[in-house]
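Please open the model in your viewer and keep the selection panel at hand.

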Amino acid sequence: MEQRISLITLGVQDVEASAQFYERLGWTRAESPDGVVAFDLMSQTLGLYALDKLAEDLNLPIEALGTGAITLSHNVRDAEEVAPLLARAEAAGAAILRPAGPVFWGGTIGYFQSPDGHIWEIAHNPYSALSPEGAFRWNGY
């Protein structure tokens with residue numbers, strides 16, 4: 001696994017209200033599908049996602065997320081890389097929350113929980129190609 005975080009997703013109760021908060025801070029939304037709000041950062045993207053939908057993606061009850069739910073995403077260059085990275089994480093002691101598979105927006109994702117309880121997404125986004133160096137931007141380079 002390359003040493004980087006591609007996408008920081010915050011599970012929020014009200015996506016639009018949270019988006020307006022970041023806009024009030026001076027941030028500008030990136031184009032994204034309904035149900036997701038994204039803000040491109042310098043070398044990552046911050047995503048806002050409905051807490052109930054995040055719980056559903058993770059195969060966890062919403063109560064298990066508490067407040068301030070967050071996933072750390074590691075994006076890969078193609079969909080075939082998702083499952084092997086999940087297997088490597090499991091071999092290293094992680095619990096697989098969701099095996100590699102397609103997601104509604106057209107990519108491939110899977111989730112694992114580190115021994116410390118942190119939740120990571122391994123993702124391939126065909127609409128956001130990584131740069132040759134591995135840099136991620138929401139809508140690609």
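Throughout this tour, buried means under 20% relative accessible area, exposed over 50%, and partly exposed in between, with a 1.4 Å probe and protein chains only. Helices (H or I, at least four residues) and strands (E, at least two) are DSSP runs, numbered from the N terminus. The model is predicted: local features need pLDDT of at least 70, side-chain atom pairs count only at pLDDT 80 or more, and totals for chains, interfaces and linings use all residues. Residues are numbered from 1 along each chain as its sequence is written, and side-chain values use heavy atoms, with hydrogens and water left out.

**Stop 1: helix H2**

Select helix H2 (51-58). Its residues Leu51, Leu54, Ala55, Asp57 and Leu58 are buried. They lie on the same side of H2, because they cover an arc of only 160° around the axis; the arc is that of the directions from the helix axis to the C-beta atoms. Now display the surrounding strands: the buried residues of H2 pack against E1, E3, E4, strand E5 (95-102), E6 and E7, where contact means heavy atoms within 4.5 Å. After H2 comes asparagine 59, with a positive phi near 60°.

**Stop 2: leucine 60**

Move on to leucine 60, in the loop between H2 and E4. Is this residue buried or partly exposed? With 23% relative accessibility, leucine 60 counts as partly exposed. Residues up to four places away in sequence aside, leucine 60 touches Ala55, Leu65, Leu97 and Ile119. A C-alpha to C-alpha distance of 9.7 Å separates leucine 60 from arginine 98, while the two are 38 residues apart in sequence.

**Stop 3: helix H1**

Next, select helix H1 (residues 15-24), in which Val15, Ser18, Ala19 and Tyr22 are buried. Viewed down the axis, the buried residues of H1 fall within an arc of 100°, so they line one face of the helix. They pack against E1, strand E2 (36-40) and E3. At the N-terminal end, aspartate 14 caps H1, with a side-chain oxygen 3.2 Å from the backbone nitrogen of glutamate 16. Glycine 26, which follows H1, has a positive phi near 105°.

**Stop 4: threonine 45**

Threonine 45 is in strand E3 and counts as buried, at 0% relative accessibility. Beyond its neighbours within four places in sequence, the contacts of threonine 45 include Leu7, Phe39, Asp40 and Trp138.

**Stop 5: the pockets**

On a 1 Å grid over the protein atoms alone, a cavity is a set of points where a 1.4 Å probe fits but cannot get out, and a pocket is an open set with protein on both sides within 12 Å along at least five of seven lines; lining residues have an atom within 4 Å of a point. Grid points are joined across faces, edges and corners, and a volume is the space filled by probe spheres set on the points.

The largest pocket has about 390 Å³ of volume. Among its 25 lining residues, select Leu7, Val36, Trp105, Asn125 and Trp138, which lie nearest its centre.

The second largest pocket holds about 180 Å³. Ala69, Ile70, Gly117, His118 and Ile119 are the closest to its centre of the 15 residues lining it. E4 supplies the largest share of that lining, 3 residues.

Methods:
Polar contact = N/O pair within 3.5 Å; in protein donor to acceptor, adjacent residues only side chain to side chain.
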